[in-house]
Amino acid sequence: MLRLETLCAVLASAVTGTVVAVVTLAAFGAGMTGSAVPYVPPVAYALVIAAATALALLATALPARLALRTRPAEAVSST
């Protein structure tokens, strides 16, 4: 379940970031070069998204595993 939530957050972030970047680059490119179509290398874009996804999954899985290491009943009774 945590992985699914993380992947949904990564997807929403990637889409939002892409839209904001394309709008900004299109405006800048139109002013500088006259072309509103920014060039983004597909391989570089895919690598950035893959790296962000891997970091997000790691940042979610590691704390979750540490939190679930102890049994809930023991964690509650120890406080």
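Let me start with T6, which is buried, with a relative accessible area of 10%. Buried here means under 20% relative accessible area, exposed means over 50%, and partly exposed is in between, with a 1.4 Å probe and protein chains only.

Before going on, a word on the source. This is a predicted model, in which local features need pLDDT of at least 70 and side-chain atom pairs count only at pLDDT 80 or more, while totals for chains, interfaces and linings use all residues. Residues are numbered from 1 along each chain as its sequence is written, and side-chain values use heavy atoms, with hydrogens and water left out.

Back to T6, which is found in helix α1. Which residues is T6 in contact with, leaving aside its neighbours within four places in sequence? They are A56, L57 and T60, where contact means heavy atoms within 4.5 Å.

T6 is one of the buried residues of α1; the others are V10, A14, A26 and G29. Helix α2, residues 42–67, is included in what covers them.

Now L11, which also lies in helix α1. Is L11 buried or exposed? It is exposed, with a relative accessible area of 55%. Together with V15, V19 and V23, L11 makes a nonpolar surface patch of about 370 Å². As a general point, an α-helix has 3.6 residues a turn, so residues three or four places apart point the same way.

Helix α1 itself covers residues 2–32. At 1.5 Å a residue, its 31 residues should span 45 Å, and the end C-alpha atoms are 44 Å apart, which agrees. The expected span is 1.5 Å times one less than the number of residues. Just after α1, G34 takes a positive phi of about 90 degrees.

Finally, the whole chain. It has three helices and zero strands; these are DSSP runs, H or I of at least four residues for helices and E of at least two for strands, numbered from the N terminus. The C-alpha atoms fill a box of roughly 65 × 20 × 15 Å along the principal axes. Of the 79 residues, 9% count as buried.

Methods: Patches are made of residues with over 30% relative accessible area and no salt bridge: like charges are joined within 9 Å, nonpolar side chains (Val, Leu, Ile, Met, Phe, Trp, Tyr) within 5 Å. Accessible areas come from the Shrake-Rupley method with a 1.4 Å probe; for residues, only the protein chains shown count as cover. A salt bridge is a side-chain nitrogen of Lys or Arg within 4 Å of a carboxyl oxygen of Asp or Glu.
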